[in-house]
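Dear colleague,

I am handing over the structure we spoke about, and you will find the sequence and the coordinates just below. After them I set out what was found, going from one region to the next.

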Amino acid sequence: MGFVFGIIFGVASGIGLIMALAYYENIRAKRRSDLAAIVAAFSKMTVQDARKLFTPQQYPTWVVFPEMEKLKWLNAQLEKLWPYIDEAASEIIRSSVEPILEQYRPVILASMKFRKLTLGTVAPQFTGICVLDSAPGEIILEIEMQWDGNPNILLDVKTHVGVALPIQKDLDFTLKVVGGDMSMVPGLSDSIDEMIRDAIEDSITWPVRTIIPIIPGDYSDLELKPCGILEVKLVQAKELSNKDLIGKSDPFASLFIRPLSNRTKKSKTINNQLNPIWNESFDFVIEDPSTQHLTVRVYDDEGLQPPQLIGCAQIPINVLEPGKVKVEWLNLVKDLEVQRDTKKRGQVHLELLYCPFGTENQILNPFSSSVPLTEVERVLKDTTDEDVSDIERKTTERKREVILRGVLSVTIVSAESLPVMDLSGKSDPYVVVSLKKAGTKLKTRVLNETLNPVWNQTFDFVVEDALHELLICEVYDHDTIGKNYMGRCIMTLTRVLLEKDLYDIFNLDGTKSGRLALHLKWAPQPIMRDV
């Protein structure tokens with residue numbers, strides 16, 4: 001009997017709950033309908049309706065009903081003048097913007113020019129006017145304006161492969177193709193969008209200050225001008241994401257302080273490689289170390305098609321200590337502004353050296369042990385009124401005149417926390433030491449059954465061009481048949497050129513654990529090229 005009663009009670013409770021939910025949903029639907037009707041009524045409300053509902057004291061200060069007739073007159077006059085304003089403003093924009101587009105034009109494009117540029121047929125509208133308190137003899141008006149225009153901007157884009165496309169650019173930075181197919185050139189949309197964003201960002205944010213003289217005088221010392229040289233060594237990248245369906249990516253890097261075409265540096269392309277070694281040096285003139293930063297973008301070279309972005313990274317100049325080499329592994333991201341994706345895109349290895357002008361005897365020139373930095377500065381100071389790109393070019397040419405020849409002593413001191421490679425829980429490690437450009441290779445003895453070997457072996461290398469040489473130390477596990485790779489560290493010679501005697505412990509790449517202790521010494525024999 002109790003079981004039957006329980007069933008009846010449960011069914012009745014369920015039916016009651018369902019009815020209550022249905023009733024509640026009907027009430028919510030009715031409230032939403034009423035609210036929508038009220039909103040629709042307010043949207044159709046006229047000025048006369050507002051006068052009936054509100055007193056004059058309840059309106060914002062810019063709404064003054066007696067002035068509405070003046071607004072109608074102003075809007076009517078503006079509509080008559082708008083075709084002439086549009087023609088004049090469009091010509092000013094065209095003459096001002098086309099040179100900027102040429103400055104920031106990516107190398108994959110042959111030209112970018114406006115085919116059509118108009119602000120449209122819809123004139124702005126004055127929506128509010130207020131007479132402010134003013135002094136005798138003058139009238140001050142505060143006017144509110146709104147523009148729901150229909151501008152039409154067409155860009156003629158020509159590529160080096162002979163494809164010409166007219167591109168329409170909306171003011172919200174959405175690309176739209178008119179009279180062509182964007183897929184004809186894969187990656188073209190991203191390249192144009194990236195270029196326009198760079199141009200707008202740089203033109204708005206640079207220079208970071210403008211000098212406006214209030215009292216007559218010479219304020220040239222306050223203006224931004226070249227103040228130092230940043231040397232960037234693009235060493236390598238590792239674990240890059242693969243952009244190719246068949247094979248591996250063909251990565252290259254572009255580097256810049258400002259995204260101008262004549263100041264952007266590009267590395268060589270390393271084919272079919274996700275762990276490329278570039279070993280290239282670039283010089284950048286710094287004008288404001290407190291606000292400027294170095295940007296690195298790594299691309300996959302697609303041949304005649306626009307390259308695909310693998311990732312980008314950025315480092316501020318103000319984190320660099322003048323005269324000290326800073327070694328950085330920068331994580332690559334998709335977007336520097338919106339870093340939401342967690343996808344691993346790889347890392348890029350840089351060595352950075354910032355040398356301000358005027359640091360005479362405090363910092364020795366790393367390009368020659370006996371030549372102070374002022375020797376380079378003399379070249380630079382004579383050209384401070386020239387284009388920054390010319391200064392960078394002359395700096396590079398000056399460094400090419402110097403050949404750094406000398407003897408590099410490399411002592412493989414020890415290693416620690418090496419990975420286990422044998423079934424015994426140990427390894428039999430040894431180190432192969434090589435110079436990439438010279439092709440010289442030497443190796444240490446094998447130490448059996450240890451993960452923390454101590455070698456203390458020294459090797460001397462004759463280096464013919466220390467500025468462009470790479471030192472590579474690779475650790476292997478020795479087996480009866482063959483060998484097992486355990487990890488490596490790669491470095492330029494910049495630090496030892498500056499410090500002459502260097503001891504440091506380096507993390508091994510390509511392994512979960514392991515560090516290698518090295519002691520480096522440099523004995524220079526500088527040679528000047530005949531010019």
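**What was found**

Four strands form an open sheet with antiparallel pairing, and their order is β17-β16-β19-β20. At the edges of this sheet are β17 (441-443) and β20 (483-492), each of which pairs on one side only, and from one strand to the next the twist averages 20 degrees. Within the sheet, β16 (residues 429-435) is joined to β17 by three bridges in the antiparallel sense, and Val 432 has Lys 443 in β17 as its bridge partner. Please keep in mind throughout that this is a predicted model.

As for the chain as a whole, it holds seven helices and 22 strands, and of its 531 residues 42% are buried. Among the contacts with a separation of 6 or more, 63% are between residues 24 or more positions apart. The chain exposes about 30,200 Å², of which carbon and sulfur atoms supply 56%.

A second open sheet, also of four strands, has the order β9-β8-β11-β12 with antiparallel pairing. Its edges are taken by β9 (265-266) and β12 (305-316), each with a single partner strand, so that one side of each has no neighbour in the sheet. Strand β8 (residues 251-256) pairs with β9 in the antiparallel sense over two bridges, and the bridge partner of Ser 254 is Lys 266 in β9.

Strand β7 (residues 228-238) deserves a separate paragraph. Eleven of its eleven residues are buried, so β7 is largely enclosed by the rest of the structure. Eight bridges join β7 to strand β10 (residues 277-286), and the two run antiparallel; in this pairing Ile 229 stands opposite Val 285 of β10. With strand β14 (residues 347-356), β7 pairs in the antiparallel sense over ten bridges, and there Leu 234 has Leu 350 of β14 as its bridge partner. In a regular strand, the side chains alternate between the two faces of the sheet.

Turning to the charged side chains, the count comes to nine salt bridges. One of them is formed by Glu 287 and Arg 263, whose closest N and O atoms are 3.3 Å apart. Because Glu 287 lies in the loop between β10 and β11 (293-302) and Arg 263 in the loop between β8 and β9, the pair ties together parts that are 24 residues apart in sequence. With buried taken as under 20% relative accessible area, Glu 287 counts as buried at 11%, and Arg 263 is buried as well, at 4%.

A further salt bridge is that between Lys 268 and Glu 280, in which the closest N and O atoms are 3.5 Å apart. Here Lys 268 is in the loop between β9 and β10 while Glu 280 is in strand β10, so the pair ties together parts that are twelve residues apart in sequence. Lys 268 counts as partly exposed, with a relative accessibility of 39%, whereas Glu 280 is buried, with a relative accessible area of 17%.

Arg 515 and Glu 416 also form a salt bridge, with 2.7 Å between the closest N and O atoms. This pair links distant parts of the chain, as Arg 515 is in strand β22 (residues 515-528) and Glu 416 in strand β15 (residues 402-416), 99 residues apart. Arg 515 is partly exposed at a relative accessible area of 33%, and Glu 416 is likewise partly exposed, at 30%.

Glu 91 counts as partly exposed, with 46% relative accessibility, and its C-alpha atom is separated by 8.1 Å from that of Leu 117, which is 26 residues away along the chain. Ile 85 is found in helix α3 too, and is partly exposed with a relative accessible area of 34%. Together with Leu 81 and Tyr 84, Ile 85 forms a nonpolar patch on the surface, and the three have about 320 Å² of accessible area together.

With best regards

Notes: Residues numbered from 1 in each chain as written. Predicted model: local features only at pLDDT ≥ 70, side-chain atom pairs only at ≥ 80, totals over all residues. Heavy atoms only, no water. Buried < 20%, exposed > 50% of the residue type's maximum accessible area, 1.4 Å probe, protein only. Contact = heavy atoms within 4.5 Å. Areas by Shrake-Rupley, 256 points an atom, 1.4 Å probe, with all protein chains shown as cover. Pairing = 2+ DSSP bridges. Axes fitted to C-alpha atoms, helices over the stretch in contact; angles between N-to-C directions. Patch = residues over 30% accessible without salt bridge, like charges linked within 9 Å, V, L, I, M, F, W, Y side chains within 5 Å. Salt bridge = Lys/Arg side-chain N within 4 Å of Asp/Glu carboxyl O.
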